[in-house]
Amino acid sequence: MFIQIDGNSLTFDQIYKVIYQGYSVKISDHAVEHIQKSRTLVEESITNNNVIYGVNTGFGKFSDTVISKTDLADLQINLIRSHACGLGEPFSLEVSRVMLLLRANALAKGYSGIRLETLQLLIDCLNQNVVPVISSQGSLGASGDLAPLSHLALLLVGEGEAVYNGQRMQGEDALKLAGLEPIQLQAKEGLALINGTQAMTAVGVVSYLEAQKLADLADGIAALTLEGLQGIVEAFMPESHAVRPYPEQQQVAARILSYLEGSQLTTSQGQIRVQDAYSLRCIPQVHGAIYQVLNYVKEKLLIEINSATDNPLIFADSGKVISGGNFHGQPIAFAMDFLGIAMAELGNISERRIERIVNPQLSGLPAFLSADPGLESGLMITQYAAASLVSENKVLAHPSSVDSIPSSANQEDHVSMGTTAARHAYQIIKNTRRVLSIEAICAAQAADIHGVDKLASETRKIYSRIRKTVPTITKDRIFSRDIEGLAADFKTFVQDTNYEIAL
């Protein structure tokens with residue numbers, strides 16, 4: 001099973017198949033033609049002594065320094081080694097594999113001037129699951145993700161580190177064990193490998209895939225919480241959402257109603273109270289707005305994963321070589337900041353529902369859902385943990401894209417900080433996954449107290465799915481294990497194409 005890449009048509013579904021289902025990658029015949037034509041133009045330009053940035057000049061502030069033909073290969077390997085300044089913990093293997101795929105797709109577009117054999121080795125590493133170890137910190141998100149992509153490029157020349165068959169080792173050893181040979185970079189190739197936005201975009205893709213699933217999951221958990229709190233269903237009726245016709249809001253309201261159909265625990269206006277608190281009543285408005293953000297993020301990522309983000313770009317048909325700024329990560333920086341804000345809010349409203357369901361003054365249930373209130377604390381401190389995570393998310397949600405620090409002696413005087421934005425967004429998603437796990441545990445316990453037989457048929461499936469990981473609470477225990485276990489379970493939903501919220 002394989003997918004073909006051409007730089008123009010890569011989809012989320014194809015990325016998913018490669019990263020989570022083991023599909024291989026091939027270059028389309030049409031893309032091969034474009035790659036070879038752009039490479040020919042690079043070589044002709046060198047023969048004709050044309051001065052081209054990054055081909056026969058230095059980089060950044062050194063752009064006016066012309067390099068002799070005899071030093072062009074050394075220029076490229078020096079670039080990779082000197083720019084491999086990544087710091088901190090490495091990206092996850094899934095993010096690094098997405099980086100390989102996205103960089104291969106960008107190069108396959110045919111505007112980078114790279115040799116076909118160099119691109120093929122990159123794809124071979126992906127197909128053989130030779131994964132470069134790429135540090136997650138150190139990118140400014142303009143001039144491309146230079147530091148992270150340099151660590152990726154080191155693998156192709158047999159340097160740096162990689163993970164192969166679950167073992168971390170030297171890049172040269174990993175290539176050898178996989179039956180691959182390192183390459184010697186030629187003119188333009190080092191720059192072609194590292195001048196792009198694939199680190200921030202790879203983190204963005206992984207973040208988006210999980211965020212979409214978490215949003216779906218949050219709707220189901222919220223429905224179960226509504227039953228635990230004997231919520232009022234009128235707030236979800238289509239009439240009120242038709243007069244504020246955001247499609248996403250309407251979809252959430254309809255989904256909640258479908259989950260609650262047949263429930264013996266929900267109530268009507270005036271039966272217990274006239275109206276619910278905002279964290280219940282406004283689920284369609286808040287969750288719906290989060291889906292709007294997800295749609296925006298998806299749109300920007302789809303453009304970015306099929307874009308040429310090099311500098312300079314090689315236009316073989318016209319013979320032009322253009323120095324520009326497609327490496328600037330501002331579109332993705334904004335999208336990642338927006339995603340982080342939205343997912344922080346998903347956790348924020350979830351924490352408010354947790355508070356309502358454990359607070360006896362608001363829930364009508366035993367205090368903190370304890371089996372023996374007073375002697376046992378029950379789920380009291382789970383709300384503390386959720387509040388801590390939500391508070392941390394508020395700090396992480398501060399936009400990274402509002403910051404810029406000049407670099408390269410002020411030649412590169414405005415940068416996006418897009419990779420920082422993406423990293424923060426993903427940390428917010430991980431925190432929110434744990435908050436939703438806490439809400440799910442509390443909602444399931446409330447269902448036990450009310451009687452599981454009174455749940456709607458769809459929320460009963462959600463309840464059963466939770467109970468596969470988290471047993472009914474009959475006495476105090478170490479709840480961090482339950483939270484982390486369920487959060488890990490939720491994480492696997494991203495990798496399960498058959499996953500539906502009504503499990």
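Begin at Asn-49. Asn-49 is exposed, with a relative accessible area of 54%. Keep in mind that this is a predicted model. Asn-49 has a positive phi, about 60°, and it is not a glycine. Where does Asn-49 sit? In the loop between helix H2, residues 29-47, and helix H3, residues 72-83.

Now the helix ahead of it. H2 is followed by Asn-49, with that positive phi near 60°. H2 has 19 residues. From first C-alpha to last, H2 reaches 27 Å, close to the 27 Å expected at 1.5 Å a residue. Which residues of H2 are buried? They are Ala-31, Val-32, Ile-35, Ser-38, Arg-39, Leu-41, Val-42, Ser-45 and Ile-46. Note that Arg-39 is on that list.

Next, another positive phi. Met-417 has phi near 55°, and Met-417 is a residue other than glycine. Its place is the loop between helix H16, 380-396, and helix H17, 418-450. Is Met-417 buried or exposed? At 9% relative accessibility, Met-417 counts as buried. Asn-49, by contrast, is exposed at 54%.

One more backbone feature. The peptide bond from Asn-311 to Pro-312 is cis. Omega there is near -5°. Pro-312 lies in the loop between helix H13, 283-304, and strand E8, 313-315.

Now helix H18, residues 457-467. Its buried residues are Thr-459, Ile-462, Tyr-463, Ile-466 and Arg-467. Looking down the axis of H18, the buried residues fall within an arc of 140°, so they line one face of the helix.

On to empty space. Rolling a probe the size of a water molecule over the atoms shows where such space is left.

The largest pocket has a volume of about 640 Å³. It is lined by 33 residues, and the closest to its centre are Gly-60, Ser-143, Leu-146, Ser-408 and Glu-412. Which helices supply at least two residues each to that lining? H3, helix H6 at 146-156 and helix H8 at 189-194. H3 gives the largest share, 5 residues. By class, the lining has 14 nonpolar, 17 polar and 2 charged residues.

The second largest pocket holds about 330 Å³. Its lining has 15 residues. Nearest its centre are Phe-91, Arg-423, Tyr-426, Gln-427 and Lys-430. Strand E3 at 87-90, helix H4 at 93-108 and H17 each give two or more residues to this lining. H17 has the largest share, with 6 residues. How does the lining of the second largest pocket divide by class? Into 5 nonpolar, 4 polar and 6 charged residues.

Last, the cavities. How many cavities of 30 Å³ or more turn up in the whole structure? The search finds 2. The second largest cavity holds about 40 Å³. Helix H14, 330-358, and H17 each give two or more residues to its lining. Among the lining residues are Met-336, Asp-337, Gly-340 and Ile-341. The list also includes His-398, Ser-400, His-424 and Ile-428. By class, that lining has 7 nonpolar, 4 polar and 1 charged residues.

Terms used: Residues numbered from 1 in each chain as written. Predicted model: local features only at pLDDT ≥ 70, side-chain atom pairs only at ≥ 80, totals over all residues. Heavy atoms only, no water. Buried < 20%, exposed > 50% of the residue type's maximum accessible area, 1.4 Å probe, protein only. Helix = DSSP H or I, 4+ residues; strand = E, 2+ residues; numbered from the N terminus. Arc of directions from axis to C-beta. Expected span 1.5 Å × (residues − 1). 1 Å grid on protein atoms, 1.4 Å probe; cavity = no way out; pocket = protein on both sides within 12 Å on 5 of 7 lines; lining within 4 Å. Points joined across faces, edges and corners; volume = space filled by probe spheres on them. Nonpolar A, V, L, I, M, F, W, Y, C, P; charged D, E, K, R; others polar.
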